[in-house]
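Trainee: Could you take me through one part of this protein up close? I'd like to hear about the aromatic rings and what surrounds them.

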Amino acid sequence: MPMYQNGELELTVKSLEARQDEIMKKLYELKAAVEGLAKTVTTPDADMDLTVSSSLSSQSCSSTAFKGITDLDTVLGKDLGALRDIVINANPSQPPLSLLVLHSLLCKRYRILSTVHVHSSVASVKPQLLSCLGPRHADSYARQMFQLGFTLIWKDVPKLQMKFSVRNMCPIEGEANVARFLFKLLAPYPSDPAAATMVDSWVDVAFFQLAEGSAKERAAVLRTLNSALGRSPWLCGAEFSLADIACYCCVLLSGSAPSAPANVQRWIKSCENLGHFGPAKQLAQ
């Protein structure tokens, strides 16, 4: 066994520590890459035909402050070293505008690796659908740089679906439910039951009456919106919430914006001034 002086021994230990750190770094990168491959192999979406873009969106938007801080580990479970990836299947004939707004907001809070795919069940999609999550990021290959993955797959599905853990959870279905899940990554729901119920009520009104209702139902909802917005700047009071995101997107989809009453028109401009609604407005046109 070789004999070392104190100084030599210290240098040898430091060299071994540096080598260990380098090995651990490479193992971490390999684990992240394998996790990304596993996500594709273990999900029915493995026959994705085209990866269109990967991005870390960092649009310069007006800041939107939410009360309370959400910890990703609390909502999504403990980070075990691999990138946590949210996978959404959406039909290109029904673009989920609210999810684009929430994606923009999430990108202001976290380092997001955003990717758009086209599934083999879809012949083609409009160019704006391919770039709806922003431009390709130069470091998209280095998954360990990001806190959260956001994968959007344009697929022929009857209803929007979302999976977070492809092995351990059933899909969440419906844009309203997925929007609720994503919003909880930004801020906790109101602790007051009445306030939380109000948010949920507006979300249901947006997706079931504004988006899918008859012309008579939409007109009634617009009158209710106008009345509520005459009492406060946002639908649930003084703070911007998921209710505003859902209703704004469904007003746009319904084509009601140009003929909306005065308070609704003012509120639409207030939403757009926040800077997060650009992708949704572009797809709605």
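Mentor: Let's start with Phe277, which counts as buried at 2% relative accessibility (buried is under 20% relative accessible area, exposed over 50%, partly exposed in between, with a 1.4 Å probe and protein chains only). Before going on, some ground rules: this is a predicted model, where local features need pLDDT of at least 70 and side-chain atom pairs count only at pLDDT 80 or more, while totals for chains, interfaces and linings use all residues. Residues are numbered from 1 along each chain as its sequence is written, and side-chain values use heavy atoms, with hydrogens and water left out.

Now, the partner of Phe277 is Phe240, and the two make an edge-to-face aromatic pair, 6.2 Å centre to centre with 85 degrees between the planes. For the cut-offs, rings of Phe, Tyr and Trp (its six-membered ring) pair if their centres lie within 6.5 Å; planes under 30 degrees apart are stacked, over 60 edge-to-face, and the rest tilted. Phe240 sits in the loop between α7 (215–229) and α8, and Phe277 in the loop between α9 (262–273) and α10 (278–284), so their pairing ties together parts 37 residues apart in sequence. (Helices are DSSP runs of H or I, at least four residues, and strands are runs of E, at least two, numbered from the N terminus.) Phe240 is buried as well, with a relative accessible area of 8%.

Next come Tyr248 and Trp267: their ring centres are 6.5 Å apart and their planes at 70 degrees, so this pair is edge-to-face. Tyr248 belongs to helix α8 and Trp267 to helix α9, so here the parts tied together are 19 residues apart in sequence. Both Tyr248 and Trp267 are buried. Across the whole structure, a search finds 4 aromatic pairs.

Trp267 also turns up in the largest nonpolar core, which has 74 residues; Trp267 is among those with the most contacts inside it, along with Ile88, Leu182, Leu225 and Ile245. (A nonpolar core is a set of buried Ala, Val, Leu, Ile, Met, Phe, Trp, Tyr and Cys residues joined through side-chain atoms within 4.5 Å.) Helix α8 (residues 242–254) gives this core its largest share, 10 residues. As for Leu225, leaving aside neighbours within four places in sequence, its contacts (heavy atoms within 4.5 Å) are Trp202, Leu210, Leu235, Cys247, Val251 and Val264.
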